[in-house]
Amino acid sequence: MKGKQSKDLLEFDRTDRVGLRILLWATVGLAFGAQVLEPLSAWVRGRPIEVPFFSEVTVPALDKVGTGYGVADYLVTIDQPQALDHLLAVLPGIFLVALAVAGAVVVQRVMKAVSNGAPFAAAQVGRLRLLAALLAFGSVVHAFLALSCNGAILGRADLGGLSPALSFSFPWLPMVLGVVIAMIAEAFKAGARLQDDVEGLV
Amino acid sequence: MPVDEPHRVLCHLDDLLERRGMTLAALADAVGVTVVNLSVLKNNRAKAVRFSTLTAICEALDCAVGELFTIAPE
């Protein structure tokens, strides 16, 4: 007697694809709101902007009681930012949103090819490599861009004699993810070749 | 010759069918392979042939593998 076939719970069906699409574009929308709309709104309303600042500052109250402290990240509030400051503040966000849009479009195309029954189409390798590059290199470029823009804003600001310094941390997680996706792209390349062979098998 | 280069295997299924007075559809029936797949083989568009398919074709046409395929000179 044949048993009833159980449904594969991990199977990526239409509902999952729709859910992922919604999640992707919701993430892009949130990134756009937080990284672009918010700084632009601050610009329009003339609100101050905050810039991370890595420095050793003096805290008289702590000095007085003999408590030690060292360098740390602070938020410098630029009370009366100029148009250039606002532009520099929004620039990394625009780049990040552009990366997110490109990533979402690529993921959607990969997903569409899988749902169309052509997971190993030749174009899939290129798409996965593009996604890997967006994650691995795009995240580093974004980090450098944010660092440069913050440095430029701080360079124009009066820091009361403190020399502007910035701390840079490599975005390891997206970089590692990018390398993993590049590796998966290699597997897809082998898959594309196998599919090509199977199509010509008699 | 590196394996990535296009092959030079020629299939003589057309000649063999003509000599045996057999149609492609009849061969497909006898062998249990679709006409489309046999057509791919006949027109030299196949990249690989299963040993089982080859055995069945040679049995149906009463021929040797060497009669079915040759390698074109460079």
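I placed each charge at NZ of Lys, CZ of Arg, CG of Asp or CD of Glu. With that, I looked up chain B and found 7 positive and 10 negative charges, whose mean positions are 4 Å apart.

A note on the ground rules: this is a predicted model, where local features need pLDDT of at least 70, side-chain atom pairs need pLDDT 80 or more, and totals for chains, interfaces and linings use all residues. Residues are numbered from 1 along each chain as written, chains are lettered from A and ligands numbered from 1 in written order, and side-chain values use heavy atoms, without hydrogens and water.

**Chain B, fold and size**

I took helices (H or I, at least four residues) and strands (E, at least two) as DSSP runs, numbered from the N terminus. Chain B has five helices and two strands, and from the N terminus its elements read β-α-α-α-α-α-β. Its radius of gyration is 12 Å, close to the 11 Å from the globule rule for 74 residues, so chain B is as compact as a globular protein of that length. Here the radius is taken over C-alpha atoms, and the rule is 2.2 Å times the number of residues to the power 0.38. Along the principal axes, the C-alpha atoms fill a box of roughly 35 × 20 × 20 Å.

I then checked contacts (heavy atoms within 4.5 Å). Among those in chain B between residues at least 6 apart in sequence, 60% join residues at least 24 apart.

For burial I used relative accessible area with a 1.4 Å probe and protein chains only: buried is under 20%, exposed is over 50%, and partly exposed is in between. In chain B, 31% of the 74 residues are buried.

**Aromatic pairs**

Which rings pair up? I counted Phe, Tyr and Trp (its six-membered ring) with centres within 6.5 Å, calling planes under 30 degrees apart stacked, over 60 edge-to-face and the rest tilted. Over all chains there are two pairs.

The rings of A:Phe120 and A:Phe188 have centres 5.2 Å apart and planes at 50°, so this pair is tilted. A:Phe120 sits in the loop between α3 (83–115) and α4 (122–156) of chain A, and A:Phe188 in helix α5 (residues 172–199), so the pair ties together parts 68 residues apart in sequence. A:Phe120 is partly exposed at 30%, whereas A:Phe188 is buried at 19%.

A:Phe170 and A:Trp172 also form a tilted pair, 5.4 Å centre to centre with 35° between the planes. I noted A:Phe170 as partly exposed at 37% and A:Trp172 as exposed at 56%.

Methods
Lys, Arg positive; Asp, Glu negative; His and termini not counted.
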